[in-house]
Amino acid sequence: MKKNLLLIALISCLTSQAQVFNYSGTLPAPIPDNNANVYFPIVISGAPSALNNSFGLDGVCFSINHPQPSDLKISLTSPDGNTIILSLHNGNGGSNYNSTCLRMSAATGMTGNTAPFVGEFLPDQSLNYLNNGQNPNGTWMFTIIDVFPFFNGSLSNVTLSFGNNPPPDPSALQFVCTTANAAGCSCKDSSFTDCDLLPDLLCSHVVVRDGINETIGHVGFPNAVINVGSGPVEMKPTGNCFCDTVPVSCATVTCPNGSLPKESIVQRIYHKNPNGQMTFYDRPAGFQSFHPSHNHVHVQDFTAFSLRVPTTDPDPLNWPVITNSIKQGYCLINMGSCNSIDSVCMSHGNVINDNMIPNFNLGTVTGCGNQGQGVFVGRYDMYGAGNGQEITAPNICNGNYYLVAIIDPYNNFLEEDETNNVIAVPITLTQQSGAALNATFLYVTNGMQVGFINYTPNVTQTWDFGDGTLGSGVAPAHTYSLPGTYIVTLTVFNGSCATTSAQTVTVGTVSGLESFQSGLFEVNLTPNPSRDRFTLEYQLVNPSEIQITVYNMIGEEVRVFPSSEEISGKHVVELNNLDKGAYMVKIAANDKTIVKRIVKL
């Protein structure tokens with residue numbers, strides 16, 4: 001009998017150690033949007049004097065009414081000043097935390113799952129980090145920040161629970177990839193243990209395709225920018241601001257010409273070391289600007305868009321442009337993951353899911369504030385039609401075109417793959433001012449001369465022969481000065497609207513790179529891709545005047561080598577000091593032009 005009484009007393013003593021503490025302020029408490037921290041102090045008193053694996057924090061429970069919880073960063077700070085992230089931009093487009101309890105004994109986390117979150121989940125960072133021997137008595141701070149505008153929310157309740165023998169971390173969490181611990185991180189090439197963890201940015205073909213809308217003279221479309229790399233894309237401010245090229249204080253509201261000042265930014269690159277440590281370095285990555293109208297910071301020149309007509313060239317950036325625009329800025333924020341929308345993530349035609357992406361959810365900053373912004377691994381940022389993602393196309397006819405989008409058109413960012421930044425989405429315009437016109441044409445070649453013809457009645461024809469010369473009329477003839485391949489475009493106009501078509505036309509006797517009729521019979525660019533420099537080798541059959549030009553992916557010249565008359569035989573040229581990105585290298589001889597694509601990693 002005494003033994004039973006002693007056992008009951010012992011159980012009663014142990015049970016009495018379990019304690020629950022609530023936020024005692026007014027509830028529900030509002031959560032404003034757009035980068036405003038909201039603090040909810042919870043006062044702990046009467047608890048044992050040390051938190052450890054015998055007695056510690058074992059649960060955080062709360063309810064939040066919010067239509068877009070993926071906008072929220074929720075954290076907890078203990079009296080000794082240590083902070084853990086409880087939930088970072090989780091929700092995947094769902095709504096609300098309904099009686100959500102975060103415990104280390106839960107079977108699953110919130111990352112990649114869709115709200116509402118009901119029941120028990122693993123926190124994004126371990127509660128046991130706070131069971132570090134500290135005295136729990138004092139003020140704990142439950143903090144919420146909404147980093148994206150448009151949606152407000154409210155906190156209904158929050159409690160902290162402490163008890164005996166708090167559950168240890170699940171073994172899986174010991175190898176989760178974080179910016180503080182690289183032990184669970186994977187390199188893009190899994191055979192390496194020492195690497196930069198780089199982002200890989202994609203435009204979503206599905207999001208653009210399914211959201212196009214048009215009115216007369218206007219095409220709007222949404223876009224999702226997805227990061228499927230092994231590391232986050234993160235931008236950090238430098239505190240160096242400019243009006244055009246003139247340095248100014250970052251407190252400057254507007255420049256003398258009325259434009260917004262810009263601030264230089266750096267891209268933070270995380271590096272996995274063989275010993276499991278994570279380091280980072282920063283590199284210049286263009287500019288950002290503050291938009292006071294909606295209290296946002298936007299990374300400038302993030303995407304470019306154009307309406308084009310296709311040719312047989314496999315590169316859409318070489319297709320003739322009807323009209324174009326640049327999205328002036330993105331605030332980089334996690335809006336969802338690859339599993340959120342069917343086929344939203346696609347690279348080189350292959351669909352990517354969350355479980356196919358190593359280091360999923362790796363990142364530290366996201367949102368529209370000046371503390372930094374970014375998109376985590378496996379996440380996407382989305383903009384709807386009308387948020388600067390629109391093209392003005394006046395006087396264009398109805399008909400079939402392509403909407404071409406490119407991420408990072410000026411190669412400001414370092415990525416794993418620079419060859420998957422472009423998408424071409426077919427679009428049929430039906431709301432324009434005129435019916436589709438027939439702009440197709442026929443041509444016949446005779447040596448260096450080509451005859452063209454277009455029989456569309458009651459229109460004016462404007463021809464671009466692809467060699468810098470223009471023509472007009474129903475059936476012009478054009479003589480080219482050099483053999484080669486040219487993109488010929490025809491625009492027909494009926495007084496109300498215009499339609500353009502294009503074809504690739506080859507003239508002369510050159511049939512390919514191996515033709516000995518050409519002044520060039522072999523061209524090699526190695527290695528490709530390269531992290532350092534490229535070696536250009538070409539072989540001349542006959543003495544030729546050589547011109548080498550390097551273009552970026554929006555057609556701007558970035559390197560022009562002086563033209564020179566060179567003898568027959570083998571020649572070698574080094575291409576170096578190129579920024580990270582994709583380029584086109586044009587090698588022109590007397591009677592041949594060859595274009596090669598290269599990628600600098």
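Mentor: Begin with the elements: helices (H or I, at least four residues) and strands (E, at least two) are DSSP runs, numbered from the N terminus. Ser337 belongs to strand β22, which covers residues 336-337. Please note that this is a predicted model, in which local features need pLDDT of at least 70 and side-chain atom pairs count only at pLDDT 80 or more, while totals for chains, interfaces and linings use all residues. Residues are numbered from 1 along each chain as its sequence is written, and side-chain values use heavy atoms, with hydrogens and water left out.

Trainee: Is Ser337 buried or exposed?

Mentor: Buried means under 20% relative accessible area, exposed over 50%, and partly exposed in between (1.4 Å probe, protein chains only). Ser337 has 0% relative accessibility and therefore counts as buried.

Trainee: Which residues does Ser337 touch?

Mentor: Contact means heavy atoms within 4.5 Å. Leaving aside residues up to four places away in sequence, Ser337 touches Asn92, Val344, Asp354, Phe360, Gly378, Arg379 and Tyr380.

Trainee: With which side chain does the side chain of Ser337 make a polar contact?

Mentor: A polar contact is a pair of N or O atoms within 3.5 Å; within protein, one must be able to donate a hydrogen and the other to accept it, and residues adjacent in sequence count only if both atoms are side-chain atoms. The partner of the Ser337 side chain is the side chain of Asp354, at 2.8 Å.

Trainee: How many disulfides does a search of the whole structure find?

Mentor: A disulfide is a pair of cysteine sulfur atoms within 2.5 Å. The search finds 7. One of them links Cys338 to Cys345, with 2.1 Å from S to S. The torsion about their S-S bond is about -95°, so this disulfide is left-handed. Cys338 is buried at 3% relative accessibility, and Cys345 is buried at 0%. Cys203, by contrast, is in no disulfide; the nearest cysteine sulfur, that of Cys345, is 12 Å away.

Trainee: Which parts does the pair of Cys243 and Cys255 tie together?

Mentor: The sulfur atoms of Cys243 and Cys255 are 2.1 Å apart and form a disulfide. Cys243 lies in strand β16 (residues 233-243) and Cys255 in the loop between β17 (246-248) and β18 (262-272), so the pair ties together parts that are 12 residues apart in sequence.
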